[in-house]
Structure formats: C-alpha cells, structure tokens
Amino acid sequence: MFFFDVNDIKKGYEVMGTTDIGKGFGSIEAAQQKVITLGQSKGADAVVMKLTEEVTGSSKSDFGNLQNGKKNNTYTGGSITNNIKVKKIVATFVKYK
C-alpha cells in the first residue's frame, strides 16, 4: 500500500527508513512500483511517497541588438535565466504497530 502524505495513514506506525530516487526513472508509475517492491522486500507495510523538484543550477542567455545611428550607436539587450530542475522521489517506509 502506498500513500502521498503521512496524515493519510490511519493506523499507528513506525518509520523504518527513507530513500531518495533522483535519476534513472522513466515514469513516475515505474518508480512507484520499484519503491513499493523495495519496501515489501524489506518488510514495510506501506510506503509514503513525495515527488519533489530540486533546483540543481541555472543557465543564463544574454541577447542584444546594436543599432548604428547617425550620431550615436544604441545597444538594447537583456538576459534570461532558467533554473535547471531535477525531479526526485522521496520514499518513507513504514511498519504498522
């Protein structure tokens, strides 16, 4: 059984451990199934999964345009910064009391 929030668990439980899956999963469903299988193999009764996005860096693109005028040259420009995000699943394995 899996949950998306610990508040959804209606029984008493103990946390057995946690794991992070940051890379290497093709789809969320495949990753969920892997985590559930791992939890079952370790004796967990349920898994709480949380999908997060972690900013790992950023990229900046500069652009501009130079216009030659009769008296003065004019430069107009700007930049765009994009955050580089990585999706990650944090799984908590629980055992019912």
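Colleague: Leaving aside its neighbours within four places in sequence, with which residues is Thr92 in contact?

Modeller: In this predicted model, Thr92 is in contact with Val15, Gly17, Thr18, Ala46, Val47 and Val48. Thr92 itself belongs to strand β4.

Colleague: What makes Thr92 buried or exposed?

Modeller: The relative accessible area of Thr92 is 17%. Buried means under 20%, so Thr92 is classed as buried.

Colleague: How do you know whether Lys34 is buried or exposed?

Modeller: Lys34, a residue of helix α1, has a relative accessible area of 59%. The cut-off for exposed is over 50%, and Lys34 is therefore exposed. Between Lys34 and Thr81 there are 35 Å from C-alpha to C-alpha, at a separation of 47 residues in sequence.

Colleague: Where on α1 are the exposed residues carried?

Modeller: Glu29, Lys34, Gln40 and Ser41 are exposed on the face of α1 turned away from its buried side. The buried residues of this helix are Ala31, Gln32, Val35, Ile36 and Gly39.

Colleague: Why are the buried residues of α1 said to line one face of the helix?

Modeller: Viewed down the axis of α1, the buried residues fall within an arc of 135 degrees, and therefore they line one face. Their cover includes β1 (2-3), β2 (13-21), β3 (46-68) and β4 (73-96).

Colleague: How does the reach of α1 compare with what is expected?

Modeller: Helix α1 spans residues 28-41, 14 residues, and reaches 20 Å from its first C-alpha to its last. That is close to the 20 Å expected at 1.5 Å a residue. Just after the helix, Gly43 adopts a positive phi of about 90 degrees.

Colleague: What makes up the largest nonpolar core?

Modeller: This core has 10 residues in all: Ile21, Ala31, Val35, Ile36, Ala44, Val47, Met49, Ile89, Ala91 and Phe93. Two or more of its residues come from each of α1, β3 and β4. Apart from this core lies another, of five residues, among them Ile9, Ala46, Val48 and Val94. Ile36 touches Phe2, Val47 and Met49, not counting residues up to four places away in sequence.

Colleague: How are Phe2 and Phe4 classed by relative accessibility?

Modeller: Phe2, at 32%, is partly exposed, while Phe4, at 54%, counts as exposed. The boundary that matters for Phe4 is 50%, above which a residue is exposed; partly exposed lies between that value and 20%.

Colleague: Why does Gly22 count as it does by relative accessibility?

Modeller: The value for Gly22 is 26%. Gly22 lies in the loop between β2 and α1 and, not counting residues up to four places away in sequence, touches Val86, Lys87 and Lys88. Gly22 and Glu54 are 32 residues apart in sequence, with their C-alpha atoms 9.3 Å apart in space.

Colleague: Where in the protein is confidence lowest, and where highest?

Modeller: Confidence is lowest in β3, at a mean of 83, and highest in β2, at 90. The mean pLDDT of the protein is 85, and 97% of its residues reach 70 or more.

Note on methods
Residues are numbered from 1 along each chain as its sequence is written. This is a predicted model: local features need pLDDT of at least 70, side-chain atom pairs count only at pLDDT 80 or more; totals for chains, interfaces and linings use all residues. Side-chain values use heavy atoms; hydrogens and water are left out. Helices (H or I, at least four residues) and strands (E, at least two) are DSSP runs, numbered from the N terminus. The expected span of a helix is 1.5 Å times one less than its number of residues. Buried means under 20% relative accessible area, exposed over 50%, partly exposed in between (1.4 Å probe, protein chains only). The arc is that of the directions from the helix axis to the C-beta atoms. Contact means heavy atoms within 4.5 Å. pLDDT is the predictor's confidence in each residue, from 0 to 100. A nonpolar core is a set of buried Ala, Val, Leu, Ile, Met, Phe, Trp, Tyr and Cys residues joined through side-chain atoms within 4.5 Å.
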